[in-house]
There are 2 protein chains.
Amino acid sequence: MRKVVSLKDIAQKAGVSAALVSYVLNNTRVNRVNKETAKKIRAIAEEMNYNVNQLARGLKTNKTFTLGLIVSNIGNPFSATLARFIENESARHQYTTLFGSSDENKKKFEQLVNTFVNRQVDGLILSPPAGSEDIIGQLQDRGVPFVLLDRYYPGIPASYIALDNYTASFEAVQHLFAGGRKRPAMVSYGNELFHIQERNRGFIEALKKNKVTAPGNLLQLVDVADDKKEIENAIDTLLSAVPRVDALILGSNTIATCGLRYINKLPVKVPSDIALISFDQAEMLDVFYSPVTYVKQPLEEIGRLAIKTLLETIANPKGLISIKVPATLVVQESTKAVSAQ
Amino acid sequence: MRKVVSLKDIAQKAGVSAALVSYVLNNTRVNRVNKETAKKIRAIAEEMNYNVNQLARGLKTNKTFTLGLIVSNIGNPFSATLARFIENESARHQYTTLFGSSDENKKKFEQLVNTFVNRQVDGLILSPPAGSEDIIGQLQDRGVPFVLLDRYYPGIPASYIALDNYTASFEAVQHLFAGGRKRPAMVSYGNELFHIQERNRGFIEALKKNKVTAPGNLLQLVDVADDKKEIENAIDTLLSAVPRVDALILGSNTIATCGLRYINKLPVKVPSDIALISFDQAEMLDVFYSPVTYVKQPLEEIGRLAIKTLLETIANPKGLISIKVPATLVVQESTKAVSAQ
DNA sequence: GGTTTAGGTTTAATCGATTAACCATGTTTA
DNA sequence: TAAACATGGTTAATCGATTAAACCTAAACC
């Protein structure tokens with residue numbers, strides 16, 4: 001960076017004190033400054049191409065207008081889309097965003113949190129990995145404003161914005177039954193993240209409600225870490241089950257990516273042999289030969305609410321705001337009703 | 001934020017000066033400090049849970065270990081994936097990243113650049129929208145280190161990392177001819193961005209080389225702004241052309257998203273009626289009923305090189321590094337060879 | 001015995017802004 | 001006429017670090 005101009009430089013050129021320049025450029029004490037002087041200062045600032053040093057300002061005011069966003073993986077379209085809406089909304093409020101991906105790794109998550117806090121972010125938007133309750137707790141102790149995104153811990157009182165996963169899952173199953181399907185199965189993750197458990201619970205409860213026998217066998221859990229092979233195995237298991245499975249719910253967009261790719265190669269036909277529902281919106285769902293019905297999260301609203309909640313928390317750290325937003329089921333060809341047998 | 005501990009607090013508790021604490025915690029002057037004192041200071045810092053205030057440090061050292069990344073839209077899987085690799089690579093060097101989306105809007109782009117520069121980022125990674133030469137020029141005048149990503153301006157001497165789009169495009173066409181296709185067409189953008197023009201030029205040159213008549217008719221240009229309808233029209237036009245088009249190149253991943261969705265609904269069959277090639281990797285390409293051949297950008301390498309180049313530019317602002325990386329064509333079913341007629 | 005030298009630590013300036021408190025001078029007002 | 005007010009501006013402390021330079025003591029050297 002070449003000769004960056006500071007308030008002092010402007011003050012010198014204008015023959016006034018730096019303080020006055022600051023007052024003028026920030027429009028503080030507006031009626032205590034001579035109009036002519038103000039005009040002159042502004043002109044010089046413009047001419048010298050002055051830009052405030054946000055580091056210095058932040059240090060002094062204890063406010064950086066910077067937020068930190070931590071998702072599991074910004075490369076994941078779900079997170080990326082959410083990040084985009086969050087960016088839009090925070091920009092509307094003059095905030096800039098630091099981002100980081102935790103890879104569902106607690107250690108990485110903690111490091112990112114600390115890095116961001118050390119940079120004096122005004123607040124954090126977090127999708128914490130499993131088992132991060134203690135880190136969340138520390139943040140609360142430290143008084144750092146934050147809001148949980150997409151996930152939360154039922155035992156911990158913290159602000160969050162998340163999908164009503166239980167209902168979303170439950171209603172997806174209901175839709176399948178309404179279309180004449182008798183034995184829906186689901187591939188999902190087996191970790192302790194609450195939002196995933198809610199999806200799984202919604203699935204099981206819906207099966208029970210519809211009096212499906214042995215519902216436990218219809219939920220195949222895979223590990224987040226090495227999922228590709230596991231997902232394919234899970235699908236194989238379900239497709240060869242007796243009695244025959246006639247619908248499949250893919251419990252996340254990563255599962256869907258892998259699952260659809262695999263199903264694309266299998267002889268099984270969608271929707272005649274099997275119906276398909278995926279969680280989360282994605283380009284590929286429309287591009288599949290039988291466009292896939294999906295549980296759509298209102299990402300724009302979630303992003304908007306996350307920022308709104310965070311800003312309110314920053315303004316009033318004591319408040320607690322928890323919002324569960326409803327999903328909508330976008331019905332496409334993959335769950336076309338079968339004729340009653 | 002509650003009582004944040006500063007160097008001074010530690011100094012007080014340890015009964016030493018703040019300077020000494022700084023020396024110890026930064027391991028500067030390491031052999032001039034009493035081992036016992038150092039140990040004690042470290043213990044107290046640990047106990048008080050000290051974290052350096054990066055704002056203050058940055059203000060003093062003129063180094064923030066923060067980079068700014070501006071893409072056209074972080075919600076776009078292409079940008080998101082790239083962002084992810086950039087994040088990884090910059091994290092390896094202790095850098096944190098601010099991000100922003102320009103929406104191919106020059107005004108927004110300029111604002112983001114300024115916001116980031118005011119926050120004293122150490123450098124910028126930029127995918128500038130069309131017509132941003134002046135902004136780039138100003139950055140050079142101001143001496144802000146930056147590297148252009150994915151795009152560049154041939155007339156402006158600036159560091160960049162970009163795909164060799166001309167060759168990528170040219171070879172995609174060659175592959176089609178090698179598979180027996182006679183009249184490949186392309187849907188691409190009509191803006192002045194150089195990297196897009198290179199793609200278009202590669203296409204045209206390859207047609208000429210293969211002595212295709214009226215190559216101009218085979219390139220349909222659409223506008224970035226309102227592309228959906230335009231893309232569908234372009235595809236309609238090409239599919240009904242005489243003589244018959246037997247291959248289609250989708251010139252970007254946004255065009256591919258829309259195009260594949262549309263082709264999915266049309267009666268035309270891939271690859272028998274028409275071959276398909278897309279630019280950029282994407283989940284959906286594998287999920288299409290006839291997995292789509294695509295021009296794969298080495299995103300990880302591009303991300304790595306971008307950071308490497310930027311860090312070198314930060315260290316030595318005079319240097320100029322321009323790298324064109326080669327694409328690889330990932331051949332899938334959508335361009336299966338047709339039997340010679 | 002006086003002067004280096006090395007070890008160990010402190011002082012104080014500085015980065016670039018913000019802002020409470022103060023100082024002049026002129027003008028009302030009681 | 002003196003106190004009160006308005007106007008226009010300056011001073012100086014401060015935010016939390018970094019770091020060159022100075023300071024002090026005791027041991028080492030000539």
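Author: The sheet in chain B is open and has 6 strands, in the order β7-β6-β8-β9-β10-β12, with mixed pairing. Strands here are DSSP runs of E with at least two residues, helices are runs of H or I with at least four residues, and both are numbered from the N terminus. Two strands count as paired if DSSP finds at least two bridges between them. At the edges stand β7 (219-222) and β12 (328-330) of chain B; each has a single partner strand, so one side of each is left without a neighbour in the sheet. On average, neighbouring strands of this sheet are turned by 20° against each other, direction ignored.

This is a predicted model; local features need pLDDT of at least 70, side-chain atom pairs count only at pLDDT 80 or more, and totals for chains, interfaces and linings use all residues. Residues are numbered from 1 along each chain as its sequence is written, while chains are lettered from A and ligands numbered from 1 in the order in which they are written.

Helix α9 (residues 194-209) of chain B touches β6 (184-189), β7 and β8 (247-250) of chain B, and its direction makes about 165° with that of β6(B). Contact between two residues means that their C-beta atoms, placed from the backbone, lie within 7 Å. Angles run from 0 to 180 degrees between N-to-C directions, and axes are lines fitted to C-alpha atoms, for helices over the stretch in contact. Helix α10 (residues 227-239) of chain B lies across β6, β7 and β8 of chain B and runs at about 165° to β7(B).

Now the whole. Chain A is superposed on chain B by a rotation of 180° with 0.0 Å of shift along its axis, at an RMSD of 0.1 Å. The same surface serves both copies, as 100% of the contact residues of chain A recur in chain B. The contact takes 46 residues from chain A and 46 residues from chain B. On the side of chain A, α4, α5 (77-92), β2 (96-101), α6 (106-118), α11 (253-265) and α12 (283-287) each supply at least two residues. Across the contact, β2(A) and β2 (residues 96-101) of chain B run antiparallel and are joined by 3 bridges; T97(A) stands opposite F99(B) there.

A residue is near a strand if its C-beta atom, placed from the backbone, lies within 6 Å of it. Two or more residues of this surface come from each of α2 (18-26) and α4 (54-61) of chain A and α2 (18-26) and α4 (54-61) of chain B. DNA strand D also has 27 residues around it, and A19(A), N34(A), S6(B), A19(B) and A56(B) come nearest. Here too, α2 and α4 of chain A and α2 and α4 of chain B each supply at least two residues.

Conventions. Least-squares fit on C-alpha atoms with pLDDT ≥ 70 in both.
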